[in-house]
Amino acid sequence: MEKDSVIVVYIPDKGNFLEQFYGLYYSVAHKTKLHEKFDFLVCGPRSIEKSIPKKHCIFVELPEISKSKQFRYVYSGGSYGYSDSFAPFVDEECIDILLNYKYCLRLDVDTFLCE
């Protein structure tokens, strides 16, 4: 059976985001049968690739778009880091992957899925 759904996450190389992703991955791949329906499209810097499970995951290296001028706050000039979680939806390689699925969930890495 081919999977028709994909979970999209962006994981920066800072903080405990990778550990949070492991919780999400575990909830899908080991605690439920959702892995029969979902793949993961995991995006982030090359430095995290070796830490991403191979089973059920597709990794695409993406830069932090939050560092671009267009994603800075107008008044403070600080970057809006949360914009990185939407980077897969403006990247051609990711779009090509996403078009292979009927359904897509963009999730934060601190999410757990249940059946």
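To how many disulfides does the count come? The count comes to zero, where a disulfide is a pair of cysteine sulfur atoms within 2.5 Å. The structure is a predicted model, in which local features need pLDDT of at least 70 and side-chain atom pairs count only at pLDDT 80 or more, while totals for chains, interfaces and linings use all residues. Residues are numbered from 1 along each chain as its sequence is written, and side-chain values use heavy atoms, with hydrogens and water left out.

View 1. With a relative accessible area of 69%, Cys-114 is exposed.

View 2. Four strands form an open sheet in the order E3-E2-E1-E4, and their pairing is parallel. Helices (H or I, at least four residues) and strands (E, at least two) are DSSP runs numbered from the N terminus, and two strands pair if DSSP finds at least two bridges between them. Strand E3 (57-61) and strand E4 (103-106) are the edge strands, each pairing on one side only. Neighbouring strands of this sheet are turned by 20° against each other on average, direction ignored; axes here are lines fitted to C-alpha atoms, for helices over the stretch in contact, and angles run from 0 to 180 degrees between N-to-C directions. Strand E1 (residues 5-10) runs parallel to E4 and is joined to E4 by four bridges, and Ser-5 stands opposite Tyr-103 in E4. Helix H1 (residues 17-29) lies across E1, strand E2 (38-44) and E3, and runs at about 170° to E2, contact meaning heavy atoms within 4.5 Å.

View 3. A search of the whole structure finds four aromatic pairs, where rings of Phe, Tyr and Trp (its six-membered ring) pair if their centres lie within 6.5 Å, and planes under 30 degrees apart count as stacked, over 60 as edge-to-face and the rest as tilted. The rings of Phe-21 and Tyr-25 form a tilted pair, because their centres are 6.0 Å apart and their planes stand at 40°. These two residues, Phe-21 and Tyr-25, are four residues apart in helix H1, so about one helical turn separates them. Tyr-25 counts as buried at 8% relative accessibility, and Phe-21 counts as buried at 0%. The rings of Phe-21 and Phe-40 have centres 5.6 Å apart and planes at 85°, and therefore this pair is edge-to-face. The pair links distant parts of the chain, with Phe-21 in helix H1 and Phe-40 in strand E2, 19 residues apart. Phe-40 also counts as buried, at 0% relative accessibility. Phe-21, Tyr-22, Tyr-25 and Phe-40 form one aromatic cluster.

**View 4. A charge over a ring, and a loop residue.** Arg-106 lies over the face of Phe-86, at 4.6 Å from the ring centre; a charge sits over a ring if NZ of Lys or CZ of Arg is within 6 Å of the ring centre and within 35 degrees of the ring normal. His-56, whose place is in the loop between E2 and E3, has a positive phi of about 75° although His-56 is not a glycine. His-56 is buried, with a relative accessible area of 16%.

Definitions and conventions:
Buried < 20%, exposed > 50% of the residue type's maximum accessible area, 1.4 Å probe, protein only.
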